[in-house]
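User: I am new to this structure. Please show me how to read a few of its features.

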Amino acid sequence: MTFAVMIFMYLPIAVLIAQSFNSSRYGGRWKGFSLKWYEALFRDSSVINATLNTLVVALVATLVSTVIGTSAAWALNRYKSRLQTSHYGLVYAPLVVPDVLMGISMLLMFVSFKVELGLTTVILAHITFCLSFVAFTVLARLQDFDFTILQAAQDLGAGPWRILWKILLPLLGPGIAAGAMMAFTLSMDDFVVTFFVGGPGSTTLPVKVYSMMKHGPPAIINALSVVFMAFTFTVAILGQIFTRKKF
Amino acid sequence: MSDFFELKNIEKYFGDHHVVKDVSFQVKRGEVFSLLGPSGCGKTTILRIAGGFEDPNGGKIFLDGVDITDKSPNKRKINTVFQNYALFPHMTVEDNIAFGPRTAGLEESQVQKKVAEMLKIIRLENLGDRRPDTISGGQKQRVAIARALINNPKLLLLDEPLAALDLKLRQYMLLELDRIHDEVGTTFIYVTHDQGEAMSLSDRIAVMNNGRIEQIGTPAEIYENPHTKFVASFIGDTNFFDGRITEKIDGEYCKVDMFGLGEFPAYNEHKLPAGADITISIRPEKFRVFDKKPENENLNMFEAQIIDIVYQGAQTRYWVKAKEHRINLVTQHNRCYLDYKQPTWNDKIWVAWHRDDVMTLPNANPH
């Protein structure tokens with residue numbers, strides 16, 4: 001059974017990878033090994049552009065959402081107030097709201113505020129959903145964090161900076177990094193929200209793949225998908241390594 | 001010996017809760033001073049105020065003559081051993097212990113030397129490179145103590161340090177604490193709800209109830225001469241009788257009416273006036289048991305009937321009935337128990353005690 005599921009999940013990917021090396025233009029029959037689609041891919045400036053866009057969006061969104069998400073997790077864990085229930089709900093909502101709804105609502109908001117659609121709006125949208133994932137990853141770490149050790153450190157003469165560097169970061173760092181990795185992969189993969197709030201010049205890789213499906217030679221898409229996939233996997237595996245490191 | 005740590009008129013509120021009420025005490029250099037009381041009496045709050053983790057709403061704290069009330073925990077020459085140990089989980093035992101000296105900027109070779117010394121004092125030389133989650137509770141406890149003591153604090157605060165350990169380990173760690181105190185000579189303030197721990201470790205004990213200190217004294221003073229009903233009942237076993245002072249005999253003694261049992265002379269510790277309603281407390285081991293009326297005019301006595309006997313090896317505990325009173329008393333076996341005829345169930349016996357062994361306690365709370 002497991003085997004069947006594995007085939008079902010990974011066979012299409014295997015076919016995709018194989019086809020990206022097929023010299024036939026439309027796939028199907030095997031016409032010999034070739035790297036020409038990869039060459040064409042790296043010569044296409046719009047693909048390079050989309051890659052850069054994706055990286056810029058993912059990096060900025062990750063950075064900002066990690067800072068805000070971590071602060072939100074800290075606030076959720078440390079402060080008791082009647083507002084916390086709604087705070088929790090607000091942070092939790094983006095995890096369950098369908099992407100399409102989020103995309104439409106943000107598009108409506110940007111349009112009604114007359115914000116020009118482009119990289120900025122894509123980044124803002126990505127920060128919104130990424131920070132929830134960061135917040136909940138960090139919150140899970142905080143829940144089994146013993147806060148008296150901060151008092152112990154203070155008792156032993158440590159000031160706030162030393163506590164941050166020697167105690168908080170080593171203990172919470174892996175959790176924060178795992179959250180950041182998650183934000184990075186999510187932002188890089190996102191199609192739906194980006195599709196809605198993106199504008200001219202803000203095409204990211206997933207959106208590019210989609211548009212090439214309609215217009216471009218399909219074999220280049222195969223190559224693009226393989227590159228894209230390799231990249232995502234690397235980030236995901238790095239994230240796994242960080243999360244596994246536990247104290 | 002001088003008073004070198006002092007709390008003066010400390011007050012603390014948590015919201016509407018008045019948890020520490022006008023608490024003052026002095027601790028002498030090198031002393032083990034215990035704060036003893038039931039949970040919720042404010043003893044841990046006082047320790048946290050001493051450590052700088054809570055700000056008092058009123059009062060002053062002095063260490064070695066210097067007002068430290070407004071100093072933060074990292075600026076006080078005081079260290080704390082936390083109840084749950086609070087070891088840094090990502091550091092080895094050695095790094096935990098070295099945290100204080102490294103923070104103080106001590107040279108690494110010096111740090112290593114001091115850590116080795118501390119490991120020797122706590123007898124964990126072989127566990128220096130282990131992580132806290134791989135050592136036992138008692139070992140963690142000793143690491144926590146070493147981590148605090150390495151900073152040469154003027155004062156070490158211990159918050160229920162043995163509460164999380166099982167009985168056997170608790171008894172062992174009690175001896176260890178005593179040994180470590182003898183070895184380093186640091187002044188200890190020890191918070192506990194366990195009277196046994198406080199009695200065996202402390203030079204002096206402050207018994208707390210409901211945010212106030214009820215009495216401060218040596219373990220013997222607290223046990224033999226409690227000032228309030230609460231102290232008498234919290235430390236050790238005792239029998240309480242309602243009564244009234246009928247007349248004063250002289251400056252030291254008075255006559256008390258123990259309702260239903262008769263009038264007896266008793267020591268009047270608190271110089272209470274004639275007519276005062278009092279609570280009389282007599283400890284179980286202060287009673288003596290006779291099979292017939294003893295010929296000794298210095299003893300107070302009444303006749304009673306045995307309702308229960310519990311033989312405990314070193315001693316026997318009796319429950320006896322006299323009028324409407326049920327009284328608990330204990331006799332020590334200084335001679336072989338089997339060689340003598342012992343009283344048995346329903347026997348009539350005479351229960352006697354000395355007038356000096358009666359505690360006459362004021363009914364009204366002095367506060």
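Analyst: The turns below go through a strand, its partners and a chain contact. This is a predicted model, where local features need pLDDT of at least 70, side-chain atom pairs count only at pLDDT 80 or more, and totals for chains, interfaces and linings use all residues. Residues are numbered from 1 along each chain as its sequence is written, with chains lettered from A and ligands numbered from 1 in the order in which they are written.

User: Which strand pairs with S9(B) in the parallel sense, and which in the antiparallel sense?

Analyst: Strands pair if DSSP finds at least two bridges between them. S3(B), residues 32–36, is the parallel partner, over 4 bridges; there, Ser34(B) is bridged to Ile205(B) of S9(B). S10(B), residues 212–217, is the antiparallel partner, over 5 bridges, with Gln215(B) opposite Val207(B). In their hairpin, 2 residues lie between the strands, and Asn210(B) has a positive phi near 55°.

User: How many residues of chain A are in contact with chain B?

Analyst: Contact requires C-beta atoms, placed from the backbone, within 7 Å. By that rule, 16 residues of chain A touch 18 of chain B. Helix H7(A) gives the most to chain A's side, 6 residues.

Note on methods. Two residues are in contact if their C-beta atoms, placed from the backbone, lie within 7 Å.
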